[in-house]
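Q: Could we go through this structure together? I have not seen it before.

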Amino acid sequence: MNKGFIAGGALVSIVLCTTAGFADTRKGEKIEGQKEFEKHCAVCHRSGGNIVNPQKTLARKVLEANGVKGVKDIIARMRNPGPGMTKFDEKTIPNKEAKAIAEYILKTFK
Ligand code: HEC
């Protein structure tokens, strides 16, 4: 009788996160917190608000009430967000950009 087929070989799927090659073009360019904010965050946080959860705006007082007291805390929220917010890892927003965004938020939304 036929032994059938041997389905051999392990399927190794390597998920490559292709980082777009725009890193080079911005060498030496100043990272603008505002521009990055508009690009990544403004869809939900237009003018420092929050269209998904209106309780959690980016106004300084609200942030502080929710334990977000500085640049580091804002970056922490990007890396590990609460319900309803997109997660931004270092591939999407490198630390330098994340810092610029955080500084922009802190100085802009009062
Ligand atoms: C898809 C919509 C969405 C996007 C895009 C988004 N956010 Fe949020 N964000 C939310 C929601 C919803 C919350 C509330 C989460 C929770 O309940 O903790 C939130 C909360 C926050 C908080 C805490 C606010 C508070 O008052 O506690 C910070 C800081 C924040 N976001 C920063 C950012 C930054 C910076 C970006 C861009 C890099 C961003 N968010 C992009 C939806 C979004």
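A: The conversation below takes up a helix contact, the ligand site and an aromatic pair in this predicted model.

Q: How do the axes of helix H1 and helix H5 cross?
A: Helix H1 covers residues 33-40 and helix H5 covers residues 95-108. Their axes come within 8 Å and cross at roughly 95°. Angles of 65 to 115 degrees count as roughly perpendicular, so H1 is roughly perpendicular to H5.

Q: Which residues make the contact?
A: On H1 they are Gly33, Gln34, Glu36, Phe37, Glu38 and His40. H5 contributes Glu97, Ala100, Ile101, Tyr104 and Ile105.

Q: And how do those residues divide?
A: The contact of H1 with H5 has five nonpolar, three polar and three charged residues.

Q: Turning to the ligand, how many residues surround it?
A: The ligand is surrounded by 25 residues, and the closest are Cys41, Cys44, His45, Thr57 and Met85.

Q: What lies 2.8 Å from an oxygen atom of the ligand?
A: That is a backbone N or O atom of Thr57. For Lys56, an N or O atom in the side chain is 3.1 Å from an oxygen atom of the ligand. Asn66 places a polar side-chain atom 3.0 Å from a ligand oxygen.

Q: How many aromatic pairs does the structure hold?
A: There are three aromatic pairs. One of them joins Phe37 and Phe109, with 5.4 Å centre to centre and 50° between the planes, a tilted arrangement.

Q: Where in the chain are Phe37 and Phe109?
A: Phe37 is in helix H1 and Phe109 is in the segment after H5. The pair links distant parts of the chain, 72 residues apart.

Key:
Residues numbered from 1 in each chain as written. Predicted model: local features only at pLDDT ≥ 70, side-chain atom pairs only at ≥ 80, totals over all residues. Heavy atoms only, no water. Axes fitted to C-alpha atoms, helices over the stretch in contact; angles between N-to-C directions. Helix = DSSP H or I, 4+ residues; strand = E, 2+ residues; numbered from the N terminus. Parallel < 35°, antiparallel > 145°, perpendicular 65-115°, else oblique. Contact = heavy atoms within 4.5 Å. Nonpolar A, V, L, I, M, F, W, Y, C, P; charged D, E, K, R; others polar. Near = heavy atom within 4 Å. Polar contact = N/O pair within 3.5 Å; in protein donor to acceptor, adjacent residues only side chain to side chain. Phe/Tyr/Trp six-rings, centres within 6.5 Å; stacked < 30°, edge-to-face > 60°.
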